[in-house]
Amino acid sequence: LDLLPRAFTRRTRVRAWIDLKARRFVVDASSFRKAEELTSLVRSVLGSLPIVPPALKHSPASTMTRWLEHPTSVPHMMKLGDSVLLKDLGDDGGEIRAKRQNVLSDEILSHIRTGMQVSQLDMHYDAACTFKLNDDLRLSNFKFTDTLLEQSDSLNADTEAERFDADMTLMCSTLAGLIDDQFMGLGGVEHQSDEVAA
């Protein structure tokens, strides 16, 4: 307690994007805990924050598994990457992780035929970004591609504030399209009340 006032301050930055048009609250955080800390802080400032996770019509795990079994069912703006995490639905709960592999190979499909489901799948979206789609809807290892970054560099922005606005506009429009296409590819979202999807 004596040393606490002299301790180094540890600062972290968590970014969030409120999409008013689509009624979404998107958080860029490394864990659910950090995202919950941010939403709790916003809730304490506003007095309330009625957000709920989106309710999909189909399980993401079963839909991603179907994508590997029937590649033509992959949403047209998305492409399969080269890594996948399969999980056993049985009591043992075994898992198999394949990296830098053809995710449509007979070896991977044979595991699916034995009852394993896709828990995480490497994806590419519209030559704009790459990410891993998880069965809880998290997008991890998210990266914008060089193509999108070059578009950002080509924008006319003279000041730092203009550069920030231009980058945010480009990235948020890409993310909005990705989320819409992802939800449609996963079977669509159940009708929700006035609460915001998070």
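Author: Two residues are in contact when heavy atoms of theirs lie within 4.5 Å. The model is predicted: local features need pLDDT of at least 70, side-chain atom pairs count only at pLDDT 80 or more, and totals for chains, interfaces and linings use all residues. Residues are numbered from 1 along each chain as its sequence is written, and side-chain values use heavy atoms, with hydrogens and water left out.

Reader: In what order do the elements of the chain run from the N terminus on?

Author: The chain holds five helices and nine strands. These are DSSP runs numbered from the N terminus, a helix being H or I with at least four residues and a strand being E with at least two. Read from the N terminus, the order is β-β-α-β-α-β-β-α-β-β-β-α-α-β.

Reader: What percentage of the 198 residues of the chain count as buried?

Author: A residue is buried under 20% relative accessible area, exposed over 50%, and partly exposed in between (1.4 Å probe, protein chains only). Among the 198 residues of the chain, the share that counts as buried is 34%.

Reader: Which elements do the buried residues of α2 pack against?

Author: Helix α2 spans residues 60-69. Seven of its ten residues are buried, so α2 is largely enclosed by the rest of the structure. The buried residues are Pro60, Ala61, Thr63, Met64, Thr65, Trp67 and Leu68. Their packing partners are β4, α3, β6, β7 and α5.

Reader: Which residues is Val118 in contact with, leaving aside its neighbours within four places in sequence?

Author: Val118 is among the core residues that touch the most other members. Leaving aside neighbours within four places in sequence, its contacts are Ala61, Met64, Thr65, Leu68, Val84, Leu85, Leu86, Ile112 and Asp135.

Reader: Which residues form one aromatic cluster?

Author: A search of the whole structure finds two aromatic pairs, where rings of Phe, Tyr and Trp (its six-membered ring) pair if their centres lie within 6.5 Å, and planes under 30 degrees apart count as stacked, over 60 as edge-to-face and the rest as tilted. Phe131 and Phe142 are stacked, at 6.3 Å centre to centre and 20 degrees between the planes. The rings of Phe142 and Phe144 have centres 5.1 Å apart and planes at 85 degrees, so this pair is edge-to-face. The cluster consists of Phe131, Phe142 and Phe144.

Reader: Is Phe131 buried or exposed?

Author: Phe131 lies in strand β7 (residues 129-134) and Phe142 in strand β8 (residues 139-144), so their pair ties together parts that are eleven residues apart in sequence. Phe142 is partly exposed, with a relative accessible area of 27%. Phe131, at a relative accessible area of 1%, is buried.

Reader: How many Å separate the C-alpha atoms of Arg97 and Thr147?

Author: Arg97 belongs to strand β5 (residues 95-98) and is partly exposed at 47% relative accessibility. Not counting residues up to four places away in sequence, Arg97 touches Val84, Leu85 and Gln120. Thr147 is 50 residues from Arg97 along the chain, and the separation of their C-alpha atoms is 29 Å.

Note on methods:
Core = buried A, V, L, I, M, F, W, Y, C linked by side-chain atoms within 4.5 Å.
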